[in-house]
Amino acid sequence: MPASLKWLALLFGATALAALIAGIAMYAETRTRSRIMAEQVSGGDSKAGRLAIAAYGCGSCHVIPGVPGATGVVGPSLDKLAIRATIAGRLPNAPAAMEHWLRHPQTVVPGNGMPEQDVTARDARDMTAYLYTLD
Ligand code: HEC
């Protein structure tokens with residue numbers, strides 16, 4: 001291969017690598033911004049919320065991105081929850097309403113498939129913070 005071609009190949013490789021690194025950095029920044037906004041809006045801790053979601057076993061009924069093993073299909077997928085207009089088609093999708101839903105789904109929609117699980121106020125707030133990162 002002529003030397004000029006080698007330089008060209010090297011330049012091309014370096015450009016592709018730089019683009020990849022920039023892409024990863026942009027993705028990480030977007031995720032961080034989503035997390036900060038979700039935590040500001042809900043007042044909860046999204047990391048603790050993800051752990052609480054796993055501990056309550058919400059994933060046995062819901063697909064929940066970022067929660068290992070959350071592949072249930074009894075309830076709707078919780079992907080893109082942050083950009084939905086309503087919760088269970090009943091409540092406006094806002095933090096206080098989400099906390100109320102998580103703690104008392106049977107009060108909001110009597111007889112629906114989501115059980116009351118004695119969710120604490122703290123856990124509901126943290127789970128809301130996590131769910132609002134799902135945009
Ligand atoms: C036994 C199954 C089951 C479990 C466990 C369960 N859910 Fe649900 N969930 C449902 C069903 C069914 C619905 C749909 C209710 C409706 O629309 O009337 C639902 C609805 C929801 C919604 C509203 C979704 C939407 O599209 O409007 C959210 C948010 C939610 N669940 C979060 C959770 C969280 C967080 C947990 C764990 C604390 C959990 N669920 C545990 C079955 C379950």
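These legends accompany close-up views of a predicted model.

**View 1. A nonpolar patch at the surface.** Welcome to the first stop: M1, L5, L8 and L11 together make a nonpolar surface patch of about 450 Å². One of these residues, L11, sits in helix α1, which covers residues 3-42. L11 counts as exposed because its relative accessibility is 54%, over the 50% cut-off.

**View 2. The R33 and E29 pair in helix α1.** Here R33 and E29 form a salt bridge, with 2.7 Å between the closest N and O atoms. Both residues belong to helix α1 and are 4 residues apart, about one turn of the helix. R33 is partly exposed at 46% relative accessible area, and E29 is partly exposed at 47%.

View 3. R35 is partly exposed at 36% relative accessibility, as is E39 at 21%.

**View 4. The R122 and D126 pair in helix α5.** A salt bridge links R122 to D126, whose closest N and O atoms are 3.4 Å apart. The two are separated by about one helical turn because they lie 4 residues apart in helix α5, residues 121-131. R122 is exposed at 52% relative accessible area, whereas D126 is buried at 5%. The structure holds 4 salt bridges, including this one.

**View 5. Cysteines C58 and C61.** C58 is buried at 16% relative accessibility, while C61 is partly exposed at 23%. A search of the whole structure turns up 0 disulfides.

Key:
Residues are numbered from 1 along each chain as its sequence is written. This is a predicted model: local features need pLDDT of at least 70, side-chain atom pairs count only at pLDDT 80 or more; totals for chains, interfaces and linings use all residues. Side-chain values use heavy atoms; hydrogens and water are left out. Patches are made of residues with over 30% relative accessible area and no salt bridge: like charges are joined within 9 Å, nonpolar side chains (Val, Leu, Ile, Met, Phe, Trp, Tyr) within 5 Å. Accessible areas come from the Shrake-Rupley method with a 1.4 Å probe; for residues, only the protein chains shown count as cover. A salt bridge is a side-chain nitrogen of Lys or Arg within 4 Å of a carboxyl oxygen of Asp or Glu. Buried means under 20% relative accessible area, exposed over 50%, partly exposed in between (1.4 Å probe, protein chains only). A disulfide is a pair of cysteine sulfur atoms within 2.5 Å.
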